Amino acid sequence: MTSPYGHTRTRVAARHALLAPDGHVASCIPGITGAVAVIQIDGAMGARFSQVLLTFERGGRAAPAAGPTETFGYFMSGGGTVAIGSLKTRCDAGGYFFAPAGERWSITAPAAGTRVTLFSKCFVALPGTSAPKALIGAASRIKGKPFLGDPDARLQVLLPDTPAFDMAVNIFTYRPGATLPFVETHVMEHGLVMLAGRGVYRLEDCWYPVAAGDAIWMAPYCPQWFVAIGKEPASYLYYKDVNRAPA
Ligand code: UGY
Ligand code: MN
């Protein structure tokens with residue numbers, strides 16, 4: 001809903017950001033046609049990765065040139081055909097893919113209105129370890145495990161937890177009233193999109209009301225905490241950089 005007095009929940013601070021959907025503005029991204037592309041987080045904000053929301057029209061297509069970045073894509077709604085090298089599968093809502101650096105990937109034949117969140121980063125190789133392989137999966141096949149023993153805060157780990165991967169992408173689902181158990185402060189950076197429900201996100205010394213569709217950036221060492229509110233579970237998809245030596 002537009003505000004007659006210029007209010008928005010969006011806030012871009014030096015070391016964290018909340019982007020509410022009311023502020024979205026589309027960008028043209030090479031290799032993406034027939035889709036509204038909103039760059040929510042990237043290097044211009046201070047991040048070391050990018051987060052992009054694609055909303056496809058019928059006949060839309062995403063097929064960027066291969067480069068040094070690896071890409072994780074998650075179908076928030078709708079569906080489309082994902083191809084990475086020799087892999088090719090139809091993904092529906094909750095489907096996801098990982099395309100390693102240097103490999104071409106594409107999304108074709110999307111249902112109209114399909115929304116996909118992409119996280120991309122420059123791959124950092126680990127000497128002596130082979131690079132991670134392409135994969136296509138579905139969140140429905142990944143069991144949610146209690147986070148630090150709390151059955152009301154469940155974590156689904158979407159990518160293999162092995163040293164080859166320098167990124168992790170997880171889904172956190174909270175029953176109403178459940179929280180992150182403590183205020184986390186860590187070197188890993190986060191990009192996040194609220195998939196469902198509502199809550200309050202603490203970022204540094206600010207507490208933000210958040211709801212499905214909101215995107216959040218947390219710089220390294222940004223103190224963070226969450227509580228789910230309302231009557232429905234709240235869930236979010238989030239990115240973090242992992243498994244590499246400190247800078
Ligand atoms: O994996 C994480 O760091 C996660 N517990 N952080 C978060 O949900 N903000
Ligand atoms: Mn965290």
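The manganese ion (ligand 2) of this predicted model is coordinated by Glu184 through OE, His186 through NE2, His190 through NE2 and Gln224 through OE1, at 2.1 to 2.3 Å, where donors are N, O and S atoms within 2.8 Å of the metal (3.2 Å for Na, K and Ca) and sites may look incomplete, since water is not among the atoms. The site has 6 donor atoms with angles of 77 to 174° and is octahedral, a term applied to six donors if opposite ones are over 155 degrees apart and all others between 65 and 115. Along the chain, the donors of the manganese ion follow the spacing E-x1-H-x3-H-x33-Q. Because His190 lies in strand 15 (residues 190-196) and Gln224 in strand 19 (residues 224-229), the pair ties together parts that are 34 residues apart in sequence; strands are DSSP runs of E with at least two residues, numbered from the N terminus.

Ligand 1 is surrounded by Phe147, Phe172, Leu180, Glu184, His186, His190, Tyr201, Gln224, Tyr236, Tyr238 and Lys240, each with a heavy atom within 4 Å of the ligand. Strand 20 gives the most to the shell, with 3 residues. Among the polar contacts (pairs of N or O atoms within 3.5 Å), a polar side-chain atom of Lys240 lies 2.7 Å from an oxygen atom of ligand 1, one of His190 lies 3.1 Å from an oxygen atom of the ligand, and an N or O atom in the side chain of Tyr201 is 2.9 Å from a nitrogen atom of ligand 1. The protein covers 96% of the 270 Å² of accessible area that ligand 1 has on its own, as computed by the Shrake-Rupley method with a 1.4 Å probe.

Strand 20 (residues 234-241) runs antiparallel to strand 14 (residues 167-174), to which 8 bridges join it.

Residues are numbered from 1 along each chain as its sequence is written, and chains are lettered from A and ligands numbered from 1 in the order in which they are written. Local features need pLDDT of at least 70 and side-chain atom pairs count only at pLDDT 80 or more, whereas totals for chains, interfaces and linings use all residues, and side-chain values use heavy atoms, with hydrogens and water left out.

Conventions: Pairing = 2+ DSSP bridges. Helix = DSSP H or I, 4+ residues; strand = E, 2+ residues; numbered from the N terminus. Polar contact = N/O pair within 3.5 Å; in protein donor to acceptor, adjacent residues only side chain to side chain. Tetrahedral: all angles 85-135°; square planar, octahedral: opposite > 155°, others 65-115°.
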